[in-house]
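Trainee: Could we go through this complex together, moving from the chains to their contact and then to single residues?

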Amino acid sequence: MNSSTKEEGQMKTKEILETKSSRRAFMKKLSIAAAAGSAGLVTGGCVSLESSEEMGLKWEEYFKKNYRLMTQEEKDETVARLERLFKLQHNENVQISNQEPQENVLFGYAFNISRCKGYMDCVEACVQENNLDRKAKTQYIRIFEMEPGQLDPTSGDGKYHHEVPVENKFYMGVQCYHCENAPCTKACPTKATWREPDGIIVVDYDWCIGCRYCLAACPYWGRRFNWGEPEVAEEEITKKQHYLGNRMRMKGVMEKCTFCIQRTRQGKLPACAEACPTGSRVFGNLLDPNSEIRYVLKHKKVFRFKEELGTDPKFWYFID
Amino acid sequence: MKKLFFCSSLLFLVLGMVLTSRQTAMASGSSVMDHILAADEPFDNRTIESAHALPVKTVQAKESYQGGTFRVLARKDSITRFRCSVCHTDKVVQVRDGVLFTHGDIEINHGRGNDKLACIECHDEDDRDFLSDAEGKKIDFDHSYQLCGQCHFRPKRDWLGGAHGKRVTYWAGERVVQNCTNCHSPHAPAFATKMPVTYSLPLDE
């Protein structure tokens, strides 16, 4: 077994050296050969749990570019690799999309603080949809129970657990505001987080080095860090995923609300807006003068949290 | 030599000042609001093909949204004992069947204090398959917003515009919204007090 894989590896190396090709293709092939070779070495000593196919895929994944520098072909390749890897590791099929933003679309959100009752259906729907770590109880959305007259969530209670709504309190949902002038994207040393043309701030989980500068830069506590390997029960994994959205994250990377990029780019509402039983959450295209969100901005009393910072969030609070 | 050094440092200072002033100008001048308000061309929602027709039954609303049409979720199919006229006939009901036929399970909690509404304030007195407004005009069960809106005109105005109520499934495609009665029980329209479905841990700040 050991010698045969070794031979195969040598054959591959020889093949590569003899055929003329570009540097990139050469590196790629070399990496496959090396993976095959190293797999052989491991299996020689003890029984490896990983198949050589899985190792090869992981090796190739290791050499991919930042998502923004990839050509469409490379994006399709990495998505195919990730789907195959998931199949090998979990024996389940997932569909990972790399759907591009639509033209003339800028996503925006409005939250009605006089309607929210603090039921937290949005939080639960978000956890389910985005495959959030159940062990560390990661949540993108936080609902604060607020005293009347207060508009700063830090003054509210974010850990309430009693019957809601409570008389003479109001509820304020906080999540990533997808700022137009986002400080988190400027703090990132590896350019692993950026603003997409439709206004969504995304993270390339494979380029995140876990330095957490973005977490420190965000004035809204919009980002979550994976301190451990995220755990989601296999039957609960949302199978329709996006490369920049709810695909499975790993230990040591940053993640955040993506306005459910896997849903919204297909014309659907984010999971939180769909789950809300009170209709407090309005989502839509800011560039469409006929959209609901534009109606809210035009006809309602709106404010943005910490507007004076100049971060230009695309998330408005409004009252009836 | 010293002069050269002085000149070059001055140049850098001027350059730096120009750059920083440009940056601040950019930060204060271009807010996302300017960008949003500059967009006055309606977006063609049909371009997003995945936002196709919904699998649920909808009806065309009898009012307009931003000058155009929209749809609401149909109501009649989800009323368990519709059509009402099956029971509500001229036939005399015997006392022993009365238990079966009365709506004893409905508790009306609609209206302020002890001043609760009576059935026929919304339901048509003569034709039980319809509702009727204060002027006696018959209103279809699918279009109950016409009835609710006669008192709750502010929520209705917001609902027509999109600040109250909610869209169904898609932000794109044809506008489909929930009817009043999808969220509010007409007999007890206030939202209940209940436990939240989950809880949050303190943030690691």
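What follows is a series of questions and answers on this predicted model.

Trainee: Which elements does chain A have, and what share of chain A counts as buried?

Mentor: Chain A is built from ten helices and twelve strands. Among its contacts between residues at least 6 apart in sequence, 65% join residues at least 24 apart. Of the 320 residues of chain A, the share that counts as buried is 52%.

Trainee: In what order do the elements of chain B run, and what share of its residues counts as buried?

Mentor: Chain B has six helices and five strands, and from the N terminus on they run α-α-β-β-α-β-β-α-α-β-α. For contacts in chain B with a separation of 6 or more, residues 24 or more positions apart account for 48%. Of the 205 residues of chain B, the buried share is 29%.

Trainee: How much area do chain A and chain B bury between them?

Mentor: The contact draws 66 residues from chain A and 48 residues from chain B. Tyr119(A), Glu292(A) and Tyr295(A) supply 13% of the area that chain A buries against chain B, more than any other three residues. Carbon and sulfur atoms carry 58% of the area buried between the two chains, and that area is about 4900 Å².

Trainee: Which residues form a salt bridge at 2.8 Å between the chains?

Mentor: The count between chain A and chain B is three salt bridges, alongside 26 residue pairs in polar contact. In the salt bridge with an N to O distance of 2.8 Å, the side chains that meet are those of Asp158(B) and Lys300(A).

Trainee: Which element gives the most to the side of chain A that touches chain B?

Mentor: By class, this side of chain A has 28 nonpolar, 17 polar and 21 charged residues. The elements that give two or more residues to it include β2 (107–112), α5 (121–129) and β12 (315–319) of chain A. With five residues, the element that gives the most is α10(A).

Trainee: Which elements do the buried residues of α10(A) pack against?

Mentor: Six of the eight residues of α10(A) are buried, namely Glu292(A), Ile293(A), Arg294(A), Tyr295(A), Val296(A) and Leu297(A). These buried residues pack against elements of both chains: β2, β10, β11 (301–303) and β12 of chain A, together with α2 (32–38) and α5 (153–161) of chain B.

Trainee: Which members of the largest nonpolar core touch the most other members?

Mentor: In soluble globular proteins, nonpolar side chains tend to be buried together. A second, separate core of 15 residues includes Leu106(A), Ala110(A), Leu287(A) and Tyr295(A). In the largest core, which has 75 residues, the members that touch the most others are Ile143(A), Tyr177(A), Tyr243(A), Tyr317(A) and Trp171(B).

Trainee: Is Asp129(B) buried or exposed, and which backbone nitrogen does its side chain reach?

Mentor: Asp129(B) lies in the loop between α3 (95–101) and β3 (131–132) of chain B, and it counts as buried because its relative accessible area is 8%, which falls under 20%. Leaving aside neighbours within four places in sequence, Asp129(B) is in contact with Phe82(B), Arg83(B), Cys84(B), Ser85(B) and Phe141(B). Its side chain makes a polar contact with the side chain of Arg83(B) at 3.2 Å. The backbone nitrogen that the side chain of Asp129(B) reaches, at 2.9 Å, is that of Cys84(B).

Definitions and conventions: Residues are numbered from 1 along each chain as its sequence is written. Chains are lettered from A and ligands numbered from 1 in the order in which they are written. This is a predicted model: local features need pLDDT of at least 70, side-chain atom pairs count only at pLDDT 80 or more; totals for chains, interfaces and linings use all residues. Side-chain values use heavy atoms; hydrogens and water are left out. Contact means heavy atoms within 4.5 Å. Buried area is the accessible area (1.4 Å probe) that two parts lose on being put together, summed over both. A salt bridge is a side-chain nitrogen of Lys or Arg within 4 Å of a carboxyl oxygen of Asp or Glu. A polar contact is a pair of N or O atoms within 3.5 Å; within protein, one must be able to donate a hydrogen and the other to accept it, and residues adjacent in sequence count only if both atoms are side-chain atoms. Helices (H or I, at least four residues) and strands (E, at least two) are DSSP runs, numbered from the N terminus. Ala, Val, Leu, Ile, Met, Phe, Trp, Tyr, Cys and Pro count as nonpolar, Asp, Glu, Lys and Arg as charged, and the others, Gly among them, as polar. A nonpolar core is a set of buried Ala, Val, Leu, Ile, Met, Phe, Trp, Tyr and Cys residues joined through side-chain atoms within 4.5 Å. Buried means under 20% relative accessible area, exposed over 50%, partly exposed in between (1.4 Å probe, protein chains only).
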